[in-house]
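Please keep the sequence and the three-dimensional view at hand while reading.

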Amino acid sequence: MRLREEGISKVDSFLTSVCQARRLSLGEIGAYEGRSLIAGWEFHVQAGLAARRLRVVLDSRFPFSLPNFFLVDRPEFLTWPHIEEDGRLCLRASNKVNKPDRPAEIVGVLLGQAADLLCASESRSNEGDFRMEFYSYWNRSVEHDALEVYSLLKTEGPSRLVRVWRGESRSVVGESEEAVLTWQRHRFGNLPQFQSTDAACFLWLPQALIPSQYPQTAGDIYRLAEMTSGGKQLIEQFSRKGQSPFYFILGADSGNGPCLAALKTQPSVTADIRGRRRNRRLNGFRPGKIPPSVTASRLFSSSSSAARLKVNRVDSAWIHGRGHDPHHATLSGKRVLIVGCGSVGAPIAQQLIMSGVGHLDVIDPEVLTSANVGRHPLGTEYVGQNKAIALAENLQRNYPHATIRGFGISYEEFILQEASSTRDADLIVCATAEWEIEKLLNLQHILGEVPQTILYTWTEPHACAGHAVLLTSTSPCFQCGMSLEGEARMTITKWPAGITQELFEPACGAVFQPYGPVELQGTISVASSLALDSLLGKQTTSIHRVWAGPQSLLVDAGGTWTEAWLEGHPERLRGGFQEELEWTKDELCPACGRNDIGAVFTSESEIPSKVLYSPRGSLTT
């Protein structure tokens, strides 16, 4: 309160002495509804040839908020850029106040910006700002309850016919009927109304429009079409294929990237009657032989109003990086297969989809239980459902532009039923930490049945450390760093002998470790980032990425770092970092270092001539 009163006094002194301002009454301040204003002043400022009344008003957060500037003598809204409906000027200052004890200095800087803005507006030299910030102005001109258009379109020319699904509260436009309906089904389910689409017209304009150019009627849109390359022929084609109400999407480069707008037109009854009368007067035209130009001019005439609609971009490029992610084009075409949808595999799947991976298959035969929910992306809503299928459905609804499939079966069943899916994957992530699955996948890799890169990931006890091993070739293989029993030869944590690291539920075989999702984040991060490095071609050789958790986590769990991990690296004692190591080849590896591949298995009956399983569970060629 003291800072506020002192600040108001300093601003009052500055404005009354320098600008000959007068203090606003409470009634004048209260006229600006919804802004919580507490004090204000009015004075005249010279903008070009005219002197205009300007107000400086402070809100209830002052001096930790910036002063507001309002233009009293102003033209109609959307005549000048950067001026809101109630006259507030949108200045270039950030929202951060670095000098709350020097408010008069802040007012002086902003006053200079306000004068510059008014002069530029008077001279029309800043008219291009309407194009640079197109969405701000177009969306302000849209009716509050107007239908919203979701766009899957490529934001580039040329002008073309596209497809639209029309609903009561939203419409969806895309390049093809398949793209539109697939997105709808991914987002809302396979509902009966998602069966067909109609034609829409996408006009790619030479530049973004300014408010004075916003179409008011269908005739205005027709004239815009005539300004685009091939637009006149396109709109005539649209008049034959489209159905009322007619949807138009306008696209252009704003200077800050591409922008989209939408309009909906519907010929009025009067226009239809006049059109039929006119058609009867068109001598020489047989029924059904009216020239397209005549049909188009009747449908899209100035007698039909154009309703402006807001466009909400939901295409993949916009979702992932607002059209500026340099990796989007690559990731959107990648296919990833994740084996294991537990507390590590499921978050990795989520991270990859959020990063822009376009195709994902997830596999897990297990059902989500209430005990899983504490460290799994899926909540109680999905308890009792298969992990993979539920995860795929959840991600598919949230990211309908991607293609995500879930398989509630074992990996052995998957490679029999979906062999092509295994071959088509660009990367396979194994997050099961189950040696039998890891061993099978590793042997498939060696034998060439799975030629693509594989990433294995697992945690050490209590998630105090985590590992991600990327294998781009068959040598070294995964077995090179593992014992025949599936224990990693390289560990970085050590635990007291004779003390079990697992707890038991009151059920047969139900063992667990009570760590939470925060402890898992390090492992998830190293695995996800390594997967992306592989997909983007940043990591083209085999590598072992390790996460060492904070020392406090390790101490609380009762563990210590191994001597091998600390040897020569005293800085590793504190933990809390990741490091890359070499996954070295074992010259005596029973999988890739010897011809005796059977040494990997515990009995001769397990030795495959080709590592595939029949539905009966026996080995087969």
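**Overview of the chain**

Among contacts in the protein chain between residues at least 6 apart in sequence, 63% join residues at least 24 apart. The model is a predicted one. The chain has 621 residues, of which 48% count as buried. Its secondary structure comprises 20 helices and 25 strands. The accessible surface amounts to about 29,900 Å², and carbon and sulfur atoms account for 49% of that surface.

**The barrel and the helix packed on it**

- Seven strands close into a barrel, and their order is β5-β7-β6-β8-β9-β10-β11 with mixed pairing.
- On average, neighbouring strands of this sheet are turned by 35° against each other, direction ignored.
- Strand β10 covers residues 258–265 and strand β11 covers residues 306–313; these two strands pair in the antiparallel sense over four bridges.
- Within this part of the model, A262 has L309 in β11 as its bridge partner.
- Helix α7, residues 218–227, packs on the sheet and touches β8 (198–204), β9 (246–253), β10 and β11.
- The direction of helix α7 makes about 135° with that of β10.

- The buried residues of helix α8 are G231, L234, I235, E236, F238 and S239.
- The cover over these buried residues includes β6 (160–166), β8, α7, β9 and α10 (292–299).
- K232 belongs to helix α8, which spans residues 231–241.
- K232 has a relative accessibility of 32%, so K232 counts as partly exposed.
- Leaving aside residues up to four places away in sequence, K232 touches Y222, A225, E226 and S293.
- One of these contacts, Y222, is ten residues from K232 in sequence, and the two are 7.6 Å apart in space, C-alpha to C-alpha.
- Q237 also lies in helix α8, and Q237 is partly exposed because its relative accessible area is 26%.
- Q237 and T295 are separated by 58 residues in sequence, while their C-alpha atoms are 9.9 Å apart in space.

**Salt bridges**

- How many salt bridges does the model contain? The count comes to 30 salt bridges.
- One of them joins the side chains of E6 and R2, with an N to O distance of 3.2 Å.
- Both E6 and R2 lie in helix α1, residues 2–18, and they are four residues apart, about one turn of the helix.
- E6 is partly exposed because its relative accessible area is 35%, whereas R2 is exposed because its relative accessible area is 57%.
- The side chains of D73 and R53 also meet in a salt bridge, at 3.2 Å from N to O.
- This pair links distant parts of the chain: D73 is in the loop between β4 (68–71) and α3 (103–123), R53 is in strand β3 (residues 50–59), and the two are 20 residues apart.
- D73 has a relative accessible area of 27%, so D73 is partly exposed.
- R53 has a relative accessible area of 27%, so R53 is likewise partly exposed.
- D73 and R53 also belong to a network of salt bridges that links R22, E28, E42, R53, R55 and D73.
- A further salt bridge joins the side chains of R102 and E105, with 2.6 Å from N to O.
- E105, the partner of R102, counts as partly exposed because its relative accessibility is 33%.

**Cysteines**

- A disulfide is a covalent bond between the sulfur atoms of two cysteines.
- A search of the whole structure finds zero disulfides.
- C592 is in no disulfide, and the nearest cysteine sulfur, that of C480, is 3.3 Å away.
- Is C341 buried or exposed? C341 counts as buried because its relative accessibility is 0%.

Key: Residues numbered from 1 in each chain as written. Predicted model: local features only at pLDDT ≥ 70, side-chain atom pairs only at ≥ 80, totals over all residues. Heavy atoms only, no water. Salt bridge = Lys/Arg side-chain N within 4 Å of Asp/Glu carboxyl O. Buried < 20%, exposed > 50% of the residue type's maximum accessible area, 1.4 Å probe, protein only. Contact = heavy atoms within 4.5 Å. Areas by Shrake-Rupley, 256 points an atom, 1.4 Å probe, with all protein chains shown as cover. Pairing = 2+ DSSP bridges. Axes fitted to C-alpha atoms, helices over the stretch in contact; angles between N-to-C directions. Disulfide = S-S within 2.5 Å.
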